[in-house]
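Subject: Structure for you to look at

Hello,

Here is the structure I said I would pass on.

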Amino acid sequence: MRDDRKEKKKSSAKRRNVLVKQGRSVSFRRLSAGQLLELSGIVFQCLIGLAVISIAILGIIRPLWLGTLFSVLGSANVMLAGARFYYFCTSDRLNGSLVSRAIRRSVRSQN
């Protein structure tokens, strides 16, 4: 039973190392207060955009041209939130320490 735990830990550590090497690992425990604020801003922006779209589609805004304008602006807002979230997840500031970034840089320069 003890060996099974060790095997599970090794396999999960290997998976985690592969994800970190690929730059796809995001751990919410390692986020700073500023990064959490940025992430909450992205979520809030997406929710506001979806709310504007839903209000425009439900027809609460009476002039049709104004509802259409709000729908387009809400869609653009959601797309920008998606782009910001992609940039947030793929940014180098989430991937490890200064030493690991230096190692990655030296490996890339040797290739």
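Gly 59 follows helix α2 and has a positive phi, near 85°. Please keep in mind that this is a predicted model.

Which residues of α2 are buried? They are Gln 35, Leu 39, Ile 42, Gln 45, Gly 49, Ile 53 and Ala 56. For the background: an α-helix has 3.6 residues a turn, so residues three or four places apart point the same way. Helix α3, residues 64–90, is part of what covers the buried residues of α2.

Take Gln 45 as one of these residues. Its relative accessibility is 16%, so Gln 45 counts as buried, the cut-off being under 20%. Leaving aside residues up to four places away in sequence, Gln 45 touches Asn 77, Leu 80, Ala 81 and Arg 84.

Now to the surface. Where does the model have a nonpolar patch? Trp 65, Leu 69, Phe 70 and Leu 73 form one, and together they have about 440 Å² of accessible area. Leu 69 from this patch lies in helix α3. Leu 69 counts as partly exposed because its relative accessibility is 42%, and that class runs between the 20% limit for buried and the 50% limit for exposed.

Regards

Key: Residues numbered from 1 in each chain as written. Predicted model: local features only at pLDDT ≥ 70, side-chain atom pairs only at ≥ 80, totals over all residues. Heavy atoms only, no water. Buried < 20%, exposed > 50% of the residue type's maximum accessible area, 1.4 Å probe, protein only. Contact = heavy atoms within 4.5 Å. Helix = DSSP H or I, 4+ residues; strand = E, 2+ residues; numbered from the N terminus. Patch = residues over 30% accessible without salt bridge, like charges linked within 9 Å, V, L, I, M, F, W, Y side chains within 5 Å. Areas by Shrake-Rupley, 256 points an atom, 1.4 Å probe, with all protein chains shown as cover. Salt bridge = Lys/Arg side-chain N within 4 Å of Asp/Glu carboxyl O.
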